[in-house]
Amino acid sequence: MSAFGVSPIRAAVIRELARHPEGATSGQIARHLEAAYHTVFRHLRELEDLGLVDSDAEDDRQGQRVVYRLNREARDREAEKLLAFLDGR
């Protein structure tokens with residue numbers, strides 16, 4: 001990942017969400033990754049702003065906790081753009 005300038009923690013957050021299609025909270029992800037909560041939360045917010053993570057539906061809220069889910073279609077589109085760029089397309 002680092003060869004392409006991808007943040008290892010961001011890649012790990014995406015991977016963790018891919019492994020849990022039902023979604024996960026920022027706290028759950030931070031515990032699984034043994035990472036600082038604020039770091040994971042910041043990456044989730046940035047990924048949400050980019051459209052790679054969804055959380056805004058009322059059904060995603062569990063009391064005060066927000067459940068985040070990976071937007072697989074958006075992830076796949078972005079991965080394809082990277083590969084196309086690296087291939088010179």
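What share of the contacts with a separation of 6 or more in the protein chain comes from residues 24 or more positions apart? They account for 47% of those contacts, where contact means heavy atoms within 4.5 Å. The model is predicted: local features need pLDDT of at least 70, side-chain atom pairs count only at pLDDT 80 or more, and totals for chains, interfaces and linings use all residues. Residues are numbered from 1 along each chain as its sequence is written, and side-chain values use heavy atoms, with hydrogens and water left out.

Start with the layout. The protein chain has four helices and four strands. Their order from the N terminus is α-α-α-β-β-β-β-α. Both kinds of element are DSSP runs, numbered from the N terminus: helices are H or I with at least four residues, strands are E with at least two. Of the 89 residues in the protein chain, 29% are buried. Buried means under 20% relative accessible area, exposed means over 50%, and partly exposed lies in between, with a 1.4 Å probe and protein chains only.

Now the helix pairs. Two packed helices are described by the angle between their axes and the distance between the axes. Here the axes are lines fitted to C-alpha atoms, for helices over the stretch in contact, and angles run from 0 to 180 degrees between N-to-C directions. Angles under 35 degrees count as roughly parallel, over 145 as roughly antiparallel, 65 to 115 as roughly perpendicular, and the rest as oblique.

Take H1 (residues 8-19) and H2 (residues 26-33). They pack at an angle of about 115 degrees, and their axes are 10 Å apart. H1 and H2 are therefore roughly perpendicular to each other. H1 brings Ile9, Ala12, Val13, Glu16 and Leu17 to the contact, and H2 brings Ile29, His32 and Leu33. By class, that contact has six nonpolar, one polar and one charged residues. Ala, Val, Leu, Ile, Met, Phe, Trp, Tyr, Cys and Pro count as nonpolar, Asp, Glu, Lys and Arg as charged, and the others, Gly among them, as polar.

Move on to H2 and H3. Their axes come within 9 Å and cross at roughly 120 degrees. That makes H2 oblique to H3. The crossing of H2 and H3 is right-handed. From H2, Ser26, Gly27, Ile29 and Ala30 meet Tyr37, Val40, Phe41 and Leu44 in H3. The contact of H2 with H3 has six nonpolar, two polar and no charged residues.

H1 and H3 complete the set of pairs treated here. Their axes come within 10 Å and cross at roughly 75 degrees. H1 and H3 are therefore roughly perpendicular to each other. Ile9, Arg10, Val13, Ile14 and Leu17 of H1 contact Thr39, Val40, His43, Leu44, Glu46 and Leu47 of H3. Seven nonpolar, two polar and two charged residues make up the contact of H1 with H3.

Next, the core. In soluble globular proteins, nonpolar side chains tend to be buried together. A nonpolar core is a set of buried Ala, Val, Leu, Ile, Met, Phe, Trp, Tyr and Cys residues joined through side-chain atoms within 4.5 Å. The largest one has 14 residues, and those with the most contacts inside it are Val13, Leu17, Ile29, Val40, Leu44, Val53 and Tyr68. H1, H2 and helix H3 (37-49) are the elements that give two or more residues to this core. H3 supplies the largest share, three residues.

Look at Val13, in helix H1. Val13 is buried, with a relative accessible area of 0%. Leaving aside neighbours within four places in sequence, Val13 is in contact with Ile29, Leu33, Val40, Leu44 and Leu47.

Thr25 lies in the loop between H1 and H2. Thr25 is buried, at 6% relative accessible area. Not counting residues up to four places away in sequence, Thr25 touches Arg65, Val66, Val67 and Tyr68.

Finish in the loop between H2 and H3, where Glu34 sits. Most residues other than glycine have a negative phi. Phi of Glu34 is near 55 degrees, a positive value. At 76% relative accessibility, Glu34 counts as exposed.

Key
A crossing is left-handed if the near helix is turned anticlockwise from the far one by less than a right angle, and right-handed if clockwise.
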